[in-house]
Amino acid sequence: MNGTSRIVVLPGDGIGPEIVAAARDLLDALGQFSYDERLMGGCSIDEHGTALTDEVLDACRNADAVLLGAVGGPKWDTTDPGAPRPEQGLLGLRKGMGLYANLRPVRPSPALVGASPLREERIAGTDLLVVRELTGGIYFGDSGREGDVAHDVCEYSVEEVDRIARTAFDAARRRAEGSGRKPKVTSVDKANVLETSRLWREVVGRVAAEYGDVELEHLLVDNAAMQLVSRPADFDVVLAENLFGDILSDEAAMLTGSLGMLPSASLGAAGAPGLFEPVHGSAPDIAGKGLANPLATFLSAAMMLRHGLGRGGDADRVEAAVDAVLERGLRTADLASEGGDQVGTAEMTAAVLEELDG
Ligand code: NAD
């Protein structure tokens, strides 16, 4: 990518502004970026009466990438179906930016394998990426109720499967670059029962034929759920439709045991801006106290550098710096049960910057 990358920054609510400010410091240490900071979520409801204004959506569409903190909090919790809610901003961004692919890497930092609910020998070496289809399937099909009967329709088109499969195969290739290992995609479905899954399997197989260097395996979703906990280190890229991906990505996330460490990316068509954000929420219980763990946001910024801005080398540097500070024993409060020195957002950020310089 030529010139200065233009990043729309959406700090959001709760700890969002703290972790996003830390991420900007991190990015500034890596190069020159231009930032356009905007309101989205509860803060936008307070100011404009809606979680996402058209103007902010336009700015996001025209950026090179969007970096988001988190949104929501008790102030905006409501049971009134007519009242605006912070999550509507997230859905509006997904839809408005055409983000159909959600990427969640699960790579427990070597220093944190003890936090996993799995035994160390099982989790060691796990480094996988869940690619979830985000805008199709049962969540977006026709739904309704007639008397005692309800229905939710699951529908997928060839085009929808084809584009998400390509995202997964491209990501597998990118992850293996320079490693000498053969990339692999595990496609998850329920082809023994569902017609949408049979279409899914067919289309994924056709796309795979164009990626001769990438191995493809098919797993039924029930089997995939078991294998993820019994042999997580054997997975590379896991490709799944919306509902299966929703469940499996949370299962995979728990393999690390550390919510404050998990990044994510949502991507659309090639060349269009992606949205990068930590998996955790706005943590209102610790907001404004300087205690938030900024590492998931740093790792989200690394995903932005790799998948959004074509700066894989910088992404590697960020990930190595995060591993190094954890190796040194630094821990924010959420990781403190792992032992080590307890630090706040500022000290953790300073330590990561120091590692980048070193
Ligand atoms: P949460 O992820 O905000 O917090 C769960 C627990 O983890 C809390 O104890 C919190 O202090 C801790 N935690 C989370 N991130 C942390 C971090 N970076 N550093 C240290 N500790 C951290 O989930 P919740 O409490 O269920 O939700 C709080 C608000 O966040 C709600 O309004 C919810 O709707 C919203 N939420 C937003 C997103 C998003 O913006 N993508 C995602 C999930 C929840």
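This is a predicted model: local features need pLDDT of at least 70, side-chain atom pairs count only at pLDDT 80 or more; totals for chains, interfaces and linings use all residues.
Residues are numbered from 1 along each chain as its sequence is written, and side-chain values use heavy atoms, with hydrogens and water left out.

Let's start with charge. How many salt bridges does a search of the whole structure find? The count is 29, where a salt bridge is a side-chain nitrogen of Lys or Arg within 4 Å of a carboxyl oxygen of Asp or Glu. One of them joins D64 and R6, at 3.6 Å from N to O. D64 sits in the loop between α3 (54–61) and β3 (65–70) and R6 in strand β1 (residues 5–12), so this pair ties together parts that are 58 residues apart in sequence. Helices here are DSSP runs of H or I with at least four residues, strands are runs of E with at least two, and both are numbered from the N terminus.

R6 is partly exposed, at 41% relative accessible area. For that scale, buried means under 20%, exposed over 50%, and partly exposed in between, with a 1.4 Å probe and protein chains only.

Now look at helix α7 (residues 195–208), which holds both E195 and R198, 3 residues apart or about one turn. Their side chains form a salt bridge at 2.9 Å, N to O. E195 is exposed at 54%, and R198 is partly exposed at 34%. There is also a network of salt bridges linking D127, R175, R181 and D236.

On to the greasy part. A nonpolar core is a set of buried Ala, Val, Leu, Ile, Met, Phe, Trp, Tyr and Cys residues joined through side-chain atoms within 4.5 Å. The largest has 62 residues, and I7, L27, F169, L239, F298 and L326 touch the most other members. Helix α10 gives the most to this core, with 8 residues. Another core, of 18 residues, lies apart from it and includes V113 and F244.

Last stop, S264 in strand β11 (residues 263–267). Is S264 buried or exposed? Buried, with a relative accessible area of 5%. Leaving out residues up to four places away in sequence, S264 touches several partners, among them N102, R104, F276 and M303; contact means heavy atoms within 4.5 Å.

Thanks, everyone!
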